[in-house]
Amino acid sequence: MSTSTADTTPTPAAANTSKRGVSGRASAVVGLQWGDEGKGKLVDLLARDADAVVRYNGGANAGHSVVVKGERYALHLLPSSVLHKNTHAIIGNGVVIDPFKLIEEIDGLANRNVKIENLRISDRAHLVLPYHKLEDAALENRLAGSQGAIGTTKRGIGPAYADKARRTTAMRVDDLRSDDRIREAVHRIAPIKTDMLRGIDPTSEAIDPERLTAVLISAAQRLRPLMSDTTFLLHNMLRTGKHILFEGANATLLDVDHGTYPFVTSSNCSVLGIPAGTGVPGHMIGPPAGEIVGVAKAYCTRVGAGPFPTELDNEIGNAIRTQGNEFGTTTGRPRRCGWLDLVALKYTVMINGVSALAITLLDVLRNTNGHLGTLRVCTGYDNSAGACTSFPPSAHSLVKCAPCYEELPGFDADITGARSITDLPAEARAYLDCIEQFVGVPIRYVSVGPDREQTIMIGKT
Ligand code: IMP
């Protein structure tokens with residue numbers, strides 16, 4: 001992502017000149033594991049310094065929790081910056097938007113006295129409609145118990161992106177601009193989607209185009225004032241010196257091209273999705289003017305199916321799940337828990353060109369009941385071909401990998417009050433050092449609790 005090859009670190013002003021006349025800067029926050037790394041908190045923290053926070057991928061399958069003054073806000077479609085009055089919240093063209101969910105989320109915040117004034121949604125973004133969710137669920141149900149089931153969130157993400165690629169059965173936000181366009185598109189597409197649904201589950205009910213048209217027209221009336229050509233909006237911001245923060249949803253190991261395919265989501269969750277998902281070219285994102293912050297838990301979790309070499313299907317995994325409250329924000333499903341996989345982390349750091357690491361949930365690894373007295377990190381895999389230290393290209397090869405571990409001493413102290421690296425016990429610091437050395441990128445943030453304040457900033461003033 002970076003265009004810098006110089007030995008000396010340029011000043012922000014000098015760096016900006018190298019970005020072809022653009023005086024603004026763009027940073028990104030991206031998940032480095034299988035999701036739920038605590039990106040929302042990082043975005044919320046960094047959004048204070050940003051003029052806009054932009055979602056570029058995924059849809060309501062994401063679940064971002066932000067805790068402010070003890071109050072938890074669970075967001076699915078809205079960028080985490082909606083809680084910051086003076087920051088634009090932008091949903092880019094790469095996101096698949098469930099219009100009804102979006103309105104529900106906006107209304108939910110309004111009921112808690114959070115008024116959203118700065119939200120803009122791309123008119124190029126695609127829509128997730130009720131039949132996408134039915135198709136998602138029907139396919140998962142049909143495959144249940146087989147090796148093909150992915151364990152999706154059933155939010156219609158895969159079917160909506162499939163329609164986007166197919167084109168003839170897709171609807172975009174722009175189609176909501178007029179009632180006539182909505183009516184025409186729904187009446188054209190609904191019978192085809194009914195046939196497709198019945199191809200998966202012959203008992204599926206027919207989609208009622210009249211009813212869908214009516215509810216979409218009323219949703220469109222709410223959303224029209226928010227629709228915008230966000231591509232031009234973002235380029236104008238960058239030209240006028242603004243700071244844009246891109247917020248990745250889901251995470252790199254779920255990236256449709258670079259994750260553990262086929263057990264992935266249907267979008268490019270890594271920073272590689274930003275150019276296509278927003279219209280901002282890659283050379284304008286990240287260092288030297290901005291940052292690419294990669295977020296990883298101090299351990300690993302995964303929801304849904306798919307290989308997970310360091311999974312702990314035992315009392316240690318249970319201890320992590322209980323201490324970390326590892327249950328899905330979107331679906332409530334218990335998350336699979338395991339040791340930190342440094343091989344996978346090094347790979348996702350590389351894919352994203354991460355310039356700063358954020359390690360979250362370090363406090364969860366506190367040894368409260370004897371299960372976490374010794375911590376393990378995976379530093380290699382063993383498979384039929386022998387030892388390997390590179391991340392394999394598919395789920396089928398990853399499933400054959402057995403983890404090789406390094407052991408480190410655990411820590412007994414409560415670290416939720418730590419605000420500087422020196423407040424941490426030596427064992428916790430050694431754990432962080434081990435991560436940093438293995439992946440070769442500095443740790444800039446350590447999260448020791450859910451609240452904004454429970455964050456250690458390293459090398460930041
Ligand atoms: P989908 O995105 O609903 O199609 O789900 C595909 C896979 O990605 C499933 O295993 C989901 O559990 C997983 N997934 C999707 N979004 C997230 C997320 O935000 N956090 C964790 N897992 C996710």
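Tutor: The sulfur of Cys337 has its closest cysteine sulfur in Cys300, at 9.8 Å, which is too far for a bond. This is a predicted model, in which local features need pLDDT of at least 70 and side-chain atom pairs count only at pLDDT 80 or more, while totals for chains, interfaces and linings use all residues. Residues are numbered from 1 along each chain as its sequence is written, and side-chain values use heavy atoms, with hydrogens and water left out.

Student: How many disulfides does a search of the whole structure find?

Tutor: A disulfide is a pair of cysteine sulfur atoms within 2.5 Å. The sulfur of Cys378 is 6.6 Å from the closest cysteine sulfur, that of Cys404, and therefore too far for a bond. Across the whole structure, the number of disulfides found is zero.

Student: Is Cys378 buried or exposed?

Tutor: Buried means under 20% relative accessible area, exposed over 50%, and partly exposed in between (1.4 Å probe, protein chains only). With a relative accessible area of 0%, Cys378 is buried.

Student: Which residue has a side-chain N or O atom 2.5 Å from an oxygen atom of the ligand?

Tutor: A polar contact is a pair of N or O atoms within 3.5 Å. A nitrogen atom of the ligand lies 2.9 Å from a side-chain N or O atom of Asn250, and a ligand oxygen is 3.1 Å from a backbone N or O atom of Val303. The side chain that has an N or O atom 2.5 Å from a ligand oxygen is that of Thr153.

Technical notes. Polar contact = N/O pair within 3.5 Å; in protein donor to acceptor, adjacent residues only side chain to side chain.
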